Amino acid sequence: MQTAEIKQLNRIYDKFNELYIQTRSKYLIQFPNSRYVTINKKQSARTVALNDSMLKTHLAGELTYGIFNGGYFNKFITFDVDFSDGTMARWATLKLIDVLVSEFHIMRKDIHVSLSGRKGYHVDLFFDKPLPVANVQAFYNRVIAEVGELPGGQIEFRPTWTQGIKLPLGIHQRTGNRCWFVDNETLEPIESFDYLLDVEPMDASVITGVDFGLTDEQAQEFEAVATETDISVNILDESAALQKARRILEAGRLTESNTRHNTTFILACFFNSQGFEQEEAVEAIMEILLNTPREYFNKGSTPDYWLKEARRLVAYVYDKNITLGNADKPVKIYKSEILAVLQCGTFRQKQMLYAMLVTSKRYGPTFYLTTSTAMKMIGTNSRQTVQNAIKALVEKGFVEYRRKGEIDQARSRETGQVRHKPNKYRLLIDKPAEDEPAIEVTSNQNIVDVAYLLCDVKEIRQYVKRYEFESRWQR
């Protein structure tokens with residue numbers, strides 16, 4: 001091989017490293033005539049880290065490599081267009097590109113499309129700074145909601161820590177097809193490795209206006225730690241989506257102009273996370289929109305249109321079960337908090353207060369909690385049981401209403417029936433000391449599990465009546 005060719009290939013390897021490689025400890029290999037095999041250096045000391053020699057093998061077509069995102073950050077997103085029919089795959093890809101350009105103002109030069117090697121396509125966007133996975137996932141969700149229904153296939157989000165994506169320009173080992181980049185208007189192949197050399201990352205603020213203040217070096221350091229620890233831990237409570245939802249819910253209206261669409265989608269995800277029924281979510285969203293000054297909306301935008309869009313986006317979110325991800329996030333429970341729960345009354349009241357404690361830690365000090373959600377959290381089919389428990393907790397001073405039984409005038413006029421706004425609550429438990437015993441708990445642990453982790457039997461029996469202890473607490 002000539003010196004000029006070697007230099008050109010080295011530049012291509014550098015581009016792969018710059019644009020795609022996020023972790024070298026975990027990657028995919030597709031051997032000839034086989035499926036992909038996941039290689040994880042953390043699980044075997046004999047495993048070799050992903051390197052330029054492998055990229056050389058990839059371009060030569062001898063083996064095909066794929067990559068993961070490293071755990072918490074993405075420096076690119078792939079929309080994996082997966083259809084069994086080639087014509088439909090082409091149609092879906094062109095529609096996706098049109099949505100990115102027309103609805104999300106992505107410049108066409110920043111949209112890079114390659115063949116999947118079978119009948120699909122990979123649509124890549126590269127960022128000039130690493131972005132939290134939660135933000136990239138939220139962007140993907142908004143895009144797919146705009147693309148709409150896709151009969152006969154789907155567009156998947158890649159890469160994640162568990163779902164990798166094949167690198168472009170290699171050979172699909174089962175079909176023998178080269179995965180060339182294609183023209184993003186005609187989808188005609190560009191049969192040259194050199195395409196990659198002209199790719200430049202786009203401004204990440206187009207995806208999210210939030211600057212997380214992370215340099216590439218800091219993000220890499222964070223990824224190195226993340227890949228060695230429990231990557232299932234969800235950090236979405238630090239994301240722009242959840243913070244924005246909290247601000248809007250506290251304000252009771254939009255806080256920025258021309259954000260109705262994105263806000264509706266984010267709130268739909270939030271209310272799905274909270275367990276609202278679909279119509280409850282629509283009503284809560286419409287309350288916020290109707291409370292917002294009209295100058296915050298585009299000229300000509302009407303409440304009828306907002307309602308139509310709210311129903312459409314809520315239906316999409318609930319059908320796909322998209323949440324803000326906090327439902328399984330570990331939360332820290334302190335001993336003084338669990339002792340307060342033990343003192344509050346009957347076992348149902350203890351369950352209810354514990355459920356509200358966890359909810360407040362996940363979604364903020366002032367929170368929504370629908371009766372249907374509370375029923376699931378304490379394991380009852382009785383709405384009256386929940387309502388009685390909350391009423392008792394309020395009367396005893398453990399909880400306060402921040403809003404209760406307020407009639408939604410706008411929705412009542414619209415439906416011809418009296419409709420109420422969702423109740424809001426706030427806990428009145430004392431703030432724990434920083435140095436007191438605490439544990440992190442998940443949704444799989446109930447009040448009894450947590451109490452035994454923080455208290456001894458003697459402490460539990462001090463606050464639990466004998467018959468309740470024998471039927472509910474004894475181990």
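Is F271 buried or exposed? With a relative accessible area of 0%, F271 is buried, where buried means under 20% relative accessible area, exposed over 50% and partly exposed in between, for a 1.4 Å probe and protein chains only.

The model is predicted, so that local features need pLDDT of at least 70 and side-chain atom pairs count only at pLDDT 80 or more, while totals for chains, interfaces and linings use all residues. Residues are numbered from 1 along each chain as its sequence is written, and side-chain values use heavy atoms, with hydrogens and water left out.

Rings of Phe, Tyr and Trp (its six-membered ring) pair if their centres lie within 6.5 Å, with planes under 30 degrees apart counted as stacked, over 60 as edge-to-face and the rest as tilted.

| Pair | Centre to centre | Angle between planes | Class |
|---|---|---|---|
| F104 and F139 | 5.6 Å | 80° | edge-to-face |
| F270 and F271 | 5.5 Å | 75° | edge-to-face |

F104 is buried at 14% relative accessible area, F139 is buried at 1%, and F270 is buried at 2%. F104 and F139 also belong to one aromatic cluster with F79, Y140 and F157.
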